Amino acid sequence: MQHPINILERYWNFTEFKPLQEDIINAVIEGEDTFALLPTGGGKSLCFQIPALAKEGICIVISPLVALMKNQVERLQEQGIKAMALTSGISSQQIDTMLDNCIYGNYKFLYLSPERLQQELVQDRIKQMNVNLIAVDEAHCISQWGNDFRPAYKNIMLLRQLQPSANVIALTASATPKVVEDIIKELDFINPKIFKQSFSRPNLAYLVLHEDDKYYRIESILKKYTASSIIYVRNRKLTLEISSFLEKKGITATYYHGGLPNNEKDAHMQQWLNNQKQVMVATNAFGMGIDKPDVKTVIHFNLPESIESYFQEAGRVGRNGEKAFAVILKNNSDEQLVKNQFLSVLPTIDFIKQVYRKLSNYFQIPYGEGAYSTCDFDFNSFCKTYNFGNMLCYNALLLLDRTSIINLSKQFQNQVSLQITASNSVVFRYLETHHDKVLIVKSMLRMYGGIFDHDTKINTLRVAEKASTKEVVVISVLKQLQKDEIIALNLSKTDAQITFIEPREDDKTINRIADMIEQQNNLKKLQVNAVLDYIKNDDICKSVQLLSYFGEKNVNPCGICSVCTTTKKPSKTLNTKTLKNQIIELLETKDLSSREMISMLDYSEKDIKDMIQMLLEHSIISITKTNTYKLFHK
Ligand code: ADP
């Protein structure tokens with residue numbers, strides 16, 4: 001058997017292990033059930049990949065996300081290691097051949113989504129494999145107290161039965177003590193070897209700042225620290241709004257959200273990765289797998305939805321070990337906003353029943369049927385037809401997806417088909433006077449042979465690439481061509497596909513997952529409250545608060561967070577009467593924001609804010625529409 005360090009050098013070209021990697025690898029090689037809790041970037045993949053390479057046989061990896069699986073399989077293949085992923089959209093016949101290869105073809109890694117384990121074909125073949133290890137990536141998905149609970153993860157127990165002698169390694173970067181306990185129970189670990197690296201990040205200053213004018217504040221932070229930065233915002237619209245605000249202020253910025261076409265996502269990401277753009281303004285769809293070492297600040301413009309996701313997002317700064325900042329900007333309206341965004345849109349069981357029934361009706365699926373049928377789905381028109389609120393309905397669909405009742409795949413691509421109805425000579429005469437359309441029409445003619453004869457499906461993205469333009473331009477040209485009676489165009493607004501996984505049984509289907517839905521809704525409330533506690537608690541070091549959320553004890557205050565620095569800052573001894581008079585004097589001349597008053601007065605930020613609060617409560621001052629303060633009777 002090859003020694004782990006030799007495998008590390010041979011395949012990865014690294015010369016030493018990261019903290020805990022070697023201990024974890026040795027435990028796995030010795031056949032122990034092992035639990036690895038390492039922060040993002042801690043090098044989890046190698047903890048199962050190296051033992052699997054050291055031993056005879058194949059390693060089965062369970063992973064929740066197709067993108068993660070594909071990425072890892074591609075990397076292994078580049079290193080000359082035989083690996084494959086069974087994702088959705090593969091025919092049974094293909095699966096058959098692939099699984100044969102796992103048994104007879106010397107494959108070292110088989111990546112599976114947990115749903116695949118339900119298929120008998122897959123189970124039968126796994127039984128015949130020489131499995132040397134079962135790796136459960138993102139293991140927190142197995143716990144209903146975890147951030148991304150996926151009931152299908154419970155299928156992993158099946159693997160234990162199919163391969164009783166293979167040992168299991170669970171890996172995660174996010175686990176509270178309750179979740180850890182749950183994972184151990186669900187994976188039937190007896191005496192597991194648990195390896196946990198502290199989640200402490202000594203170079204990272206966690207700051208929670210009260211700010212009435214958040215735009216002003218991000219501008220000043222980003223002008224002070226001109227290095228790479230991420231701003232997380234609540235919705236897609238804000239990504240655009242804030243990045244163009246920053247650009248106007250002379251700070252280079254781009255944006256990212258789940259609704260962008262893939263080519264734009266890639267382009268924006270590249271601009272940020274190679275520092276052409278200082279700032280990435282993004283929704284939480286951004287960041288998975290990002291390993292940029294020099295990110296100096298991560299700013300949460302809006303409150304995060306849970307401490308778990310905050311820790312992941314904030315953790316993307318300072319990977320190079322230099323001092324870095326994770327900032328949350330808060331103001332008085334945030335608590336309500338976060339509740340509106342995350343709590344008022346939690347679907348009840350009755351609502352989910354309604355959505356499920358309407359969905360089946362919408363696609364005319366008869367009772368008892370529909371398993372594995374796939375339909376194009378226009379989300380907006382569905383909501384409109386049944387008068388469902390968008391967010392609420394979307395969350396209901398997500399829950400149905402997570403519980404494997406449906407599979408919701410977003411493609412965000414325009415489905416376009418067309419036929420050229422004008423004759424060849426008319427088309428060319430037309431192009432003589434419409435130069436802006438020449439390249440696009442010619443590109444289509446080259447790419448699609450029968451386009452004059454029949455309705456042809458067009459990939460607008462590829463046409464755009466060939467004609468060196470943007471997809472939106474192609475679409476608008478097509479619309480014009482239709483108006484000018486050159487083509488007959490079918491432009492469907494479909495932006496997603498739904499696959500019904502279970503046969504339709506209306507309420508019965510939903511009753512089966514009712515407990516889980518309630519539990520998930522409760523969890524969401526707990527998580528939002530934990531965030532509110534975190535931003536409000538200005539007595540305990542922010543780093544200590546975060547680490548104790550993840551079960552770490554006896555942690556020393558960091559000395560650099562917003563709590564530690566405020567308590568350390570020598571502040572003028574508080575004379576409440578003088579401070580009160582000074583604030584009133586200032587406001588007699590003009591209306592001011594709290595930030596402006598803080599910069600003018602020689603008292604600590606906290607004392608000034610407390611006094612403003614007191615003056616508000618006593619109706620001595622009031623707040624204006626532009627978030628400044630004025631004297632009540634002025
Ligand atoms: P995680 O899954 O814990 O976030 P990954 O397995 O993706 O981490 O590894 C993060 C990065 O660290 C990858 O780029 C990986 O190649 C690198 N890495 C892993 N182990 C080592 C090592 N021993 N030495 C240097 N780099 C490593």
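A residue is called buried under 20% relative accessible area, exposed over 50%, and partly exposed in between (1.4 Å probe, protein chains only). Arg-150 falls into the buried class because its relative accessibility is 16%. The model is predicted, so that local features need pLDDT of at least 70 and side-chain atom pairs count only at pLDDT 80 or more, while totals for chains, interfaces and linings use all residues. Residues are numbered from 1 along each chain as its sequence is written, and side-chain values use heavy atoms, with hydrogens and water left out.

Arg-150 is located in the loop between E5 and helix H7 (156-162); helices (H or I, at least four residues) and strands (E, at least two) are DSSP runs, numbered from the N terminus. The side chain of Arg-150 forms a polar contact of 3.1 Å with the side chain of Glu-115. A polar contact is a pair of N or O atoms within 3.5 Å; within protein, one must be able to donate a hydrogen and the other to accept it, and residues adjacent in sequence count only if both atoms are side-chain atoms. A polar atom of the Arg-150 side chain also lies 3.2 Å from the backbone oxygen of Pro-64. With neighbours within four places in sequence left aside, the contacts of Arg-150 (heavy atoms within 4.5 Å) are Pro-64, Pro-114, Glu-115, Cys-141 and Arg-402.

The ligand is surrounded by 14 residues, of which Glu-16, Gln-21, Gly-41, Lys-44 and Ser-45 are the closest; a residue is near a molecule or strand if one of its heavy atoms lies within 4 Å of it. This shell consists of four nonpolar, six polar and four charged residues. In that division Ala, Val, Leu, Ile, Met, Phe, Trp, Tyr, Cys and Pro count as nonpolar, Asp, Glu, Lys and Arg as charged, and the others, Gly among them, as polar. Helix H3 (residues 44-54) contributes the most to the shell, with three residues. A nitrogen atom of the ligand lies 3.0 Å from a polar side-chain atom of Gln-21. Oxygen atoms of the ligand are involved in two further pairs: one at 2.6 Å from a backbone N or O atom of Gly-41, and one at 2.8 Å from an N or O atom in the side chain of Lys-44. On its own the ligand has 560 Å² of accessible area, and the protein covers 74% of this (Shrake-Rupley method with a 1.4 Å probe; for residues, only the protein chains shown count as cover).

Gln-21 also belongs to helix H2 (residues 21-29), where the buried residues are Gln-21, Ile-24, Ile-25, Ala-27, Val-28 and Ile-29. These buried residues pack against helices H1 (4-12) and H3 and against strands E1 (34-37), E5 (131-136), E6 (168-172) and E7 (193-196). Just after H2, Gly-31 has a positive phi of about 90 degrees.

Val-61, in strand E2 (residues 58-62), is buried because its relative accessible area is 0%. Outside the four places on either side in sequence, Val-61 is in contact with Phe-48, Phe-109, Leu-110, Tyr-111, Leu-112 and Ala-135. Thr-176, in the loop between E6 and H8, is likewise buried, with a relative accessible area of 11%. Residues up to four places away in sequence not being counted, Thr-176 touches Glu-308, Tyr-549 and Phe-550.

A nonpolar core is a set of buried Ala, Val, Leu, Ile, Met, Phe, Trp, Tyr and Cys residues joined through side-chain atoms within 4.5 Å. The largest such core has 40 residues, and Tyr-206, Phe-286, Tyr-310 and Tyr-534 have the most contacts inside it. Helix H21 (residues 506-536) supplies the largest share of this core, six residues. Apart from this core lies another, of 38 residues, including Met-84, Leu-110, Leu-117 and Leu-159. Beyond four places in sequence, the contacts of Tyr-206 include Tyr-310, Phe-311, Tyr-534 and Leu-546.

Asn-191 lies in the loop between helix H8 (177-186) and E7 and is exposed because its relative accessible area is 67%. Gln-364 lies in the loop between helix H14 (349-362) and strand E14 (373-377) and is also exposed, at 70%.
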